[in-house]
Structures are given as structure tokens and as C-alpha cells.
Amino acid sequence: MNWTTFRKWAKENNYKVTREIKDEDNNPFYYEWVRADNTERKGSANSLSQLVRDVFNDKTDNKHVAHQLAYREEQKKREI
């Protein structure tokens, strides 16, 4: 997902996202997000993928995090 597409999706889902330019060559942007109807729900990220993950997790009450934890537990059981 590119920045323009995500920014549009975020706006449609009641989030405000911003991107600032940094001076680093390997990571030129710094991202911030805030939920429009609850400004206490906010965060920042160093990459677009982290930003997308964080906003999605906020929107779905950490559904992605729960999925990752369940997957890790399943992998541990398979190793034993």
C-alpha cells in the first residue's frame, strides 16, 4: 500500500495521518496518526508498514496482534 492510498483509507476510517521528512537517507519519513474522534488514541512510526499496522490494530482492537500471538503459540507447539 502506498502513502496516498493509505492516507485516503485512513481519512475514510476517521484517522488523521501525517508524514514529515527526516534527514536520514535510509528512512526519509516520520509518520504520525491520531483518531479524529478520540485524540488520546494516537501514535507514531518510522515506516509506512508500521503506520499501517498500528492504525489497523487500533481500528480492530489489536486483532492483528492477537493473530500473531496465536500463530507463535501454534509454532511453539509444533516444535515440541
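How many aromatic pairs does the structure hold? I looked this up first, and the structure holds four of them. My working rule was that rings of Phe, Tyr and Trp (its six-membered ring) pair if their centres lie within 6.5 Å; planes under 30 degrees apart count as stacked, over 60 as edge-to-face and the rest as tilted.

**Entry 1: ground rules**

I am reading a predicted model, where local features need pLDDT of at least 70 and side-chain atom pairs count only at pLDDT 80 or more, while totals for chains, interfaces and linings use all residues. Residues are numbered from 1 along each chain as its sequence is written, and side-chain values use heavy atoms, with hydrogens and water left out.

**Entry 2: the aromatic rings**

One of the pairs is Phe6 with Trp9, which is stacked, at 5.7 Å centre to centre and 25 degrees between the planes. I then asked where these two sit along the chain. They are three residues apart in helix α1, so about one helical turn separates them. (Helices are DSSP runs of H or I with at least four residues, strands are runs of E with at least two, and both are numbered from the N terminus.)

**Entry 3: the strands**

Next I followed the strands. I found that β1 and β2 pair in the antiparallel sense over seven bridges, and that Ile21 has Phe29 of β2 as its bridge partner. Two strands pair if DSSP finds at least two bridges between them.

On to β3, residues 38-45, which pairs with β2 in the antiparallel sense over five bridges. A hairpin of two residues joins β2 to β3. Trp33 has Gly43 of β3 as its bridge partner.

**Entry 4: the core**

Which residues make up the largest nonpolar core? I counted 11 residues in all: Trp3, Phe6, Ala10, Tyr15, Val17, Tyr31, Trp33, Ala45, Leu48, Leu51 and Val55. At least two residues of this core come from each of α1 (3-12), β1 (15-21), β2 (29-35) and α2 (48-59). A nonpolar core is a set of buried Ala, Val, Leu, Ile, Met, Phe, Trp, Tyr and Cys residues joined through side-chain atoms within 4.5 Å.

Leaving out residues up to four places away in sequence, its contacts include Tyr15, Val17, Gly43, Leu51, Val55 and Asp58. Contact means heavy atoms within 4.5 Å.

**Entry 5: helix α2**

Which residues of α2 are buried? I listed Leu48, Leu51, Asp54, Val55, Asn57 and Asp58. The buried residues of α2 pack against α1, β1, β2, β3 and α3.

With residues up to four places away in sequence not counted, Asp58 touches Tyr15, Trp33, Arg35 and Arg41.

Gln50 also belongs to α2, but it counts as partly exposed at 31% relative accessibility. Gln50 and Tyr31 are 19 residues apart in sequence and 9.0 Å apart in space, C-alpha to C-alpha.

**Entry 6: the loops**

Last, I checked two residues other than glycine with a positive phi. Asn14 has phi near 75 degrees; it lies in the loop between α1 and β1 and counts as partly exposed at 32% relative accessibility. Asp61 has phi near 55 degrees; it lies in the loop between α2 and α3 and counts as exposed at 64%.

Terms used
Buried < 20%, exposed > 50% of the residue type's maximum accessible area, 1.4 Å probe, protein only.
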